[in-house]
Amino acid sequence: MEKLPSRCRRLFSFTLIILTLTEISCNGQDMNKPNQLDRQPAVAGQFYPDSKALLEKELKSYFDSAKQTLAEQPLALIVPHAGYVFSGLVAASGYRQLDRNKKYKHIFLIGSSHTMFFNGAAVYTKGAFITPLGRIPIDPLAEKLVKENSILTDNPEPHLKEHSLEVQLPFLQYWLKKEFSIIPIVIGGESQTTPTLLAEALEPYFTPDNLFIISSDFSHYPSYDDAKKTDDDMAHAIATNSPVEFMKAKIRNENAGIDDLATAMCGWTSGLTLLKITENKPQISYKTIMYRNSGDSPYGGKDRVVGYWAIAAVQQVTQGNEFNLTDSDKHELLILARKTITNHLNGRPLYTPDEAKLSDALKTNAGAFVTLHNHGRLRGCIGNFSTSTPLYRVVMAMAISAATEDYRFESVTAEELKDIDIEISVLTPMKRINHVEEIELGRHGIYIKKGIHSGTFLPQVAKETNWSLQEFLGHCARDKAGIGWDGWRDAEIYTYEAIVFDEKQMGLR
């Protein structure tokens with residue numbers, strides 16, 4: 001085994017401690033002379049029972065307690081990989097959302113290495129994975145992916161003792177009624193490059209007939225209360241469907257001086273891979289299903305805990321738009337944006353409104369852009385197409401981003417803020433169009449997507465520039481999506497509308 005980085009060594013040491021808290025059986029499984037290429041169980045009898053009868057009994061208890069909470073079918077699940085006595089109910093709550101009668105074309109199982117350090121990602125390509133519940137074959141697509149993508153290797157060694165993928169398999173075997181195969185992928189190292197390249201390889205397969213399982217626990221070793229705060233922050237970051245916000249939350253929590261916090265999310269490279277796949281898909285949203293940490297288990301203390309989330313990525317069904325904002329709502333959002341920017345630029349704590357006093361419209365999940373002008377000159381514009389985060393929280397996040405993270409401009413300063421005018425564009429649900437003639441200039445914003453490239457123009461851009469429809473499309477395709485002037489012709493095009501208001505219009509400046 002290659003030497004692990006210090007953080008990985010700490011996580012692996014804790015895994016060994018956890019093993020002592022569960023009953024370890026010495027009874028082996030008779031696999032009837034399994035194929036020598038088959039990957040044998042590494043943690044049966046440690047993380048979960050190695051007896052088929054006991055394992056089925058335990059799984060049944062978890063699924064009986066889990067509830068169906070989603071109306072949509074998940075395209076991906078983020079589920080924990082600890083010992084079942086700690087995280088089994090959370091994991092089952094995620095798998096419980098799946099239609100157990102569905103026949104999946106491909107099931108991708110993605111985890112981050114706990115047992116060895118290596119670069120790239122390793123795919124198990126031959127044989128099968130064995131559990132006490134039986135044999136799960138490897139999808140032939142696994143070998144094809146390795147041949148076509150240099151970021152992938154078919155080295156089996158990272159899989160041999162890795163528990164993060166193995167512990168997911170009994171949940172799939174128990175819940176799914178149709179036969180299935182898997183594409184097991186272990187990510188090595190701690191580079192953001194690997195998730196980016198892996199996402200490019202897997203993005204074409206992110207469709208409703210496939211399933212992605214992301215295996216990851218969340219915070220490691222803080223106190224019970226600190227874990228709840230950190231894990232909640234990480235879940236909110238995932239719900240933004242933004243890899244940037246996700247990494248900012250990870251770094252923010254790990255640098256916050258939280259006692260004994262070793263990591264905010266042990267499988268962050270796996271989570272980042274999923275977000276890299278979904279970030280340019282405005283129709284995808286993330287929904288939280290269940291949270292617990294090891295302190296909620298009778299086998300765990302509350303002084304040093306590990307956090308567990310079940311989170312689903314789902315595809316939203318576009319519905320008719322009946323959403324609207326009152327003048328009072330618009331005032332509230334503009335005031336909230338200014339207070340948020342002011343506190344941030346002056347180094348004060350994030351302004352937190354009293355949610356109980358906010359209208360239902362402001363707490364509705366919706367996307368928004370925040371645009372800043374200095375005496376009519378653009379100074380920043382950042383937005384998010386979120387369909388899983390309350391509008392007021394989106395506006396707060398985008399206000400800070402517009403002031404400090406628009407790469408086209410230097411950050412706004414606290415002294416300059418008095419000269420800044422704030423404009424907010426609240427977005428309606430997107431609709432994919434078949435013909436560009438459906439676009440109504442001045443009314444519709446456009447979102448162009450081609451492969452991993454995407455770009456958008458708000459509805460007001462057409463009015464401000466007096467562009468023709470061809471110019472509107474061409475500039476968006478070339479300048480925002482990076483696919484060339486005519487790239488829109490074979491791209492996916494979506495339209496949306498925006499409720500646009502600013503401080504001058506609302507009498508606040």
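How do the axes of helix α12 and helix α13 cross, and within what distance do they come?

Modeller: Happy to! First, this is a predicted model, where local features need pLDDT of at least 70 and side-chain atom pairs count only at pLDDT 80 or more, while totals for chains, interfaces and linings use all residues. Residues are numbered from 1 along each chain as its sequence is written, and side-chain values use heavy atoms, with hydrogens and water left out.

Now the helices. Helices here are DSSP runs of H or I with at least four residues, strands are runs of E with at least two, and both are numbered from the N terminus. The axes of α12 (residues 327–345) and α13 (residues 391–404) come within 9 Å and cross at roughly 45°. That makes α12 oblique to α13; angles under 35 degrees count as roughly parallel, over 145 as roughly antiparallel, 65 to 115 as roughly perpendicular and the rest as oblique. Axes are lines fitted to C-alpha atoms, for helices over the stretch in contact, and angles run from 0 to 180 degrees between N-to-C directions. The crossing of α12 past α13 is right-handed, meaning the near helix is turned clockwise from the far one by less than a right angle.

So who touches whom? From α12, L333, L336, A337, T340, I341, H344 and L345 meet L391, Y392, V395, M396, A399, I400, A403 and T404 of α13. Contact means heavy atoms within 4.5 Å. Sorted by class, this contact has 12 nonpolar, three polar and no charged residues. Ala, Val, Leu, Ile, Met, Phe, Trp, Tyr, Cys and Pro count as nonpolar, Asp, Glu, Lys and Arg as charged, and the others, Gly among them, as polar.

α12 lies across β11, β13 and β18, at about 125° to β13, and α13 lies across β11, β12 and β13, at about 35° to β11. That open sheet has four strands in the order β12-β11-β13-β18, with antiparallel pairing; two strands pair if DSSP finds at least two bridges between them. β12 (377–384) and β18 (498–502) stand at the edges with a single partner strand each, so one side of each has no neighbour in the sheet. From one strand to the next, the twist averages 15°.

Further in, seven bridges join β11 (residues 368–374) to β13 (residues 420–427), and these strands run antiparallel.
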